[in-house]
Amino acid sequence: MIQARGITRTYQTHGAFTGAHAVPALRGVDFTLPDGGAVSFIGESGCGKTTLGKILTGLETFDGGELVVDGVELSGLSARARAKYFRRIQMIHQDPYSALNPTRTVEATLGDPLRMRAKEIGGDPGKWRERAAELLTLVGLEPAAVLPKYPHQLSGGQRQRVVIARALTVDPEVLIADEAVSMIDVSMRLGILSLLRDLRTRLGISLVFITHDVATARYVGDGGELHVIYRGEVVERGLTDDVILTPVHPYTQCLLSAVPIMRGLEEPGPDRMAPIRALDERTATPGCLFEPRCPFATQECALTHPTLVPLGGDGAGVGSAAVDVGDLGDGAHVHACLHPAARRVVGVEIGAASA
Ligand SMILES: Nc1ncnc2c1ncn2[C@@H]1O[C@H](COP(=O)(O)OP(=O)(O)OP(=O)(O)O)[C@@H](O)[C@H]1O
Ligand code: SF4
Ligand SMILES: [Mg+2]
């Protein structure tokens, strides 16, 4: 089980025109990933999804908060002890081509980690071929056909399956899939998504599914929680179907409608989200981060920062004061909006077919 509490990460950057400034990539993200469960994160580009995935796999550090794996808080451990925990959590990146070494065959790609793993667990390193064949079959590839091949001789879908097989060589307990199908031909996406779903049920692997696409989140993260992130902050979360079928936060409603339109040109509605301004990324605001783009913003929204509250909660401060959302248990549907409403969401076809 993974428990993340208040994870924050701020990057210090230096732009030619903007000078030195801080970019808050994550602003206090909380979630629980039960064994064999799934948590999906959805949000537009730059909201912090990859940063979160990298933190969970130890590829990136965090400035604040706690990361607890199987009851052990990782920041208190030595780098070596931490690495042991991070080995259990493997990441599948967006681009399978760059994730594989172009000069190595599939055989070489799987052989090294399998021999190392066999030594670690007291197995027979000489039996790595059998294990490679087993893993390739598990991910839907024909071992004899793909073992001698180089990445460029495989399709995008086959490459991503090899990447998944390589992640499985260390017997991970958690997979982080970061936009795992976005660079793959549309015709092969559903196969990879089904594979990720299957790995949950067949191997009991837990899944953190990172996407900007609500349809894939619903398909793969079925039965788990969906967290909607805006500029590093979770603005709505709950069981995946609850959030998708009854979105309450205007940003979630905009994501579901997926029709960005300039504010002011149309009547306000859930599908009327102004485009993000470069300034928004850096501006510190006392109010709601979504206020500059929100079709339902009021003066109060520019001044008061909403915290997560349960449905029916009455707004700012309630999340941190009267109601501790952590006490509501996993799967509670909570949102951070001062003026929530279950507004009609127009548009998108949600389902496996659109994956
Ligand atoms: N190494 C870095 N140095 C400085 N800023 C960074 C760094 N990595 C990420 N950022 C910034 O942090 C924010 C979050 O980036 P991140 O890559 O996590 O977003 P994302 O949700 O994965 O976006 P995308 O959907 O485009 O992959 C962005 O504003 C990004 O510019
Ligand atoms: S708090 Fe206000 S600005 Fe923020 S999402 Fe809700 S209505 Fe929009
Ligand atoms: Mg990313």
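Which helices and strands each supply at least two residues of the shell around ligand 1? They are β1 (2-15), β2 (19-33) and α1 (49-56), where helices (H or I, at least four residues) and strands (E, at least two) are DSSP runs numbered from the N terminus. Of these elements, α1 gives the most to that shell, with 3 residues.

The model is predicted, so local features need pLDDT of at least 70 and side-chain atom pairs count only at pLDDT 80 or more, while totals for chains, interfaces and linings use all residues. Residues are numbered from 1 along each chain as its sequence is written, and chains are lettered from A and ligands numbered from 1 in the order in which they are written.

The protein has 13 helices and 12 strands. Of its 355 residues, 43% count as buried, that is, with 20 or more other C-beta atoms within 10 Å of their own, C-beta atoms being placed from the backbone.

The table gives the shells by class. A residue is near a molecule if its C-beta atom, placed from the backbone, lies within 6 Å of it. Ala, Val, Leu, Ile, Met, Phe, Trp, Tyr, Cys and Pro count as nonpolar, Asp, Glu, Lys and Arg as charged, and the others, Gly among them, as polar.

| Shell | Nonpolar | Polar | Charged |
|---|---|---|---|
| Ligand 2 | 10 residues | 2 residues | 1 residue |

Around ligand 1, the closest residues are Y11, A25, S45, T50 and T51. For ligand 2, they are C288, C294, A297, C301 and C337.

Methods. Buried ≥ 20, exposed ≤ 12 C-beta atoms within 10 Å, placed from the backbone.
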